[in-house]
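Subject: The structure, and what turned up in it

Hi,

Here is the structure I promised to pass on. Have a look at it first, and then read on for my notes.

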Amino acid sequence: MPMDANAPIEVTAMAWVPRGARGQVRDMRVRWALEEAGLSYRTRLIDKREHPECDTAQPWAQVPVYREGDITMFECGAIALHIAEKSEALLPRDAVGRATAITWLFAALNSIDPMQQCLTFARFLGAGQDWADGVRGAVIPALEGRLVRLSQRLGDKDWLDGRFTVGDLMMVATLRTPPKGTLAMPDNLAAYIERGEARPAFQAALAAHLADFLPDEESVPA
Ligand SMILES: N[C@@H](CCC(=O)N[C@@H](CS)C(=O)NCC(=O)O)C(=O)O
């Protein structure tokens with residue numbers, strides 16, 4: 001769906017991040033879910049270089065924040081589930097399919113994402129420091145072990161439970177986070193990520209996400 005300045009749904013996103021982070025900021029996940037659900041939205045852009053406190057609705061001054069009428073939400077997983085409740089494109093209506101999709105959504109955020117976060121912290125906060133090598137040395141084999149098990153579970157299916165759900169959305173969004181080459185990625189998971197990124201909804205979300213960034217030399221008030 002096109003972005004719409006009058007849409008009832010508002011997503012808070014960054015007006016600027018360094019080039020290497022573009023495409024990865026977590027409003028991407030929310031935009032992708034909205035695109036899959038066919039819901040239009042508007043964005044509220046915040047330039048953290050000028051407004052480090054960001055949106056005070058988010059306790060840690062982060063994005064995304066989601067607003068819809070009286071509803072204000074943070075945490076991309078909670079927001080994605082909220083959006084998924086609105087559309088069978090993301091959440092099957094039958095009890096088994098629904099429960100499985102929610103399980104994979106949490107699996108992405110609880111079993112894969114925290115390990116990747118450790119690597120992100122090591123990359124950004126630990127550059128040139130010994131502890132960062134220790135973190136990488138411990139986390140990479142453990143995470144790669146999880147990827148092997150996930151790869152076995154995916155097998156030759158296109159999606160984790162046969163059809164695309166919000167669980168796949170969050171798993172693909174999580175798996176595509178580390179820079180390519182950081183982890184040994186089983187072939188079927190690499191193809192799974194590519195399948196997710198090839199979806200028209202992902203491509204529309206990415207285009208809108210990238211289009212919202214200011215050029216490097218500019219900034220805006222929140
Ligand atoms: N658990 C939160 C994490 C949100 C998050 O890490 N947001 C990052 C962008 S991807 C952010 O706003 N970083 C700026 C900061 O922490 O100051 C979620 O999943 O929504």
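Two residues count as being in contact when heavy atoms of theirs lie within 4.5 Å. By that rule Glu10 touches Arg42, Arg44, Val65, Tyr66 and Arg67, leaving out residues up to four places away in sequence. Glu10 sits in strand 1 (residues 9-14); helices (H or I, at least four residues) and strands (E, at least two) are DSSP runs, numbered from the N terminus. Glu10 counts as buried because its relative accessibility is 11%; buried means under 20% relative accessible area, exposed over 50%, and partly exposed in between, with a 1.4 Å probe and protein chains only.

Before going further, please note that this is a predicted model, in which local features need pLDDT of at least 70 and side-chain atom pairs count only at pLDDT 80 or more, while totals for chains, interfaces and linings use all residues. Residues are numbered from 1 along each chain as its sequence is written, and side-chain values use heavy atoms, with hydrogens and water left out.

Arg31, in helix 1, is also buried, with a relative accessible area of 0%. Its side chain makes a polar contact of 3.3 Å with that of Tyr41 (N or O atoms within 3.5 Å, where within protein one must be able to donate a hydrogen and the other to accept it, and residues adjacent in sequence count only if both atoms are side-chain atoms). Setting aside neighbours within four places in sequence, the contacts of Arg31 include Met3, Ala13, Thr43, His209 and Asp212.

Next, helix 5 (residues 166-175): 10 of its 10 residues are buried, so this helix is largely enclosed by the rest of the structure. Its buried residues pack against helix 1 (27-37), helix 2 (76-84), helix 3 (95-125), helix 4 (130-154) and helix 6 (187-198). Where helix 5 starts, a side-chain oxygen of Thr165 comes to within 2.9 Å of the backbone nitrogen of Gly167.

On to the aromatic residues. There are five aromatic pairs (rings of Phe, Tyr and Trp, the last by its six-membered ring, with centres within 6.5 Å; planes under 30 degrees apart are stacked, over 60 edge-to-face and the rest tilted). Trp60 and Phe74 make an edge-to-face pair, 6.2 Å centre to centre with 80° between the planes. Trp60 lies in the loop between strand 2 (42-46) and strand 3 (65-68), and Phe74 in strand 4 (residues 71-74), 14 residues apart. Trp60 is exposed at 56% relative accessible area, whereas Phe74 is partly exposed at 29%. Elsewhere, ring pairs join Trp32, Trp159, Phe164, Tyr192 and Phe202 into a cluster.

On a 1 Å grid over the protein atoms alone, a cavity is a set of points where a 1.4 Å probe fits but cannot get out, a pocket is an open set with protein on both sides within 12 Å along at least five of seven lines, and lining residues have an atom within 4 Å of a point. The largest pocket has a volume of about 1,300 Å³. Among its 39 lining residues, Gln24, Val25, Arg26, Thr120 and Thr177 are the closest to its centre. Helix 3 gives the largest share of that lining, six residues. The search found one cavity of 30 Å³ or more. The largest cavity has a volume of about 50 Å³, and its lining includes Trp32, Ala173 and Phe202. Volumes here are the space filled by probe spheres set on grid points, which are joined across faces, edges and corners.

Best wishes
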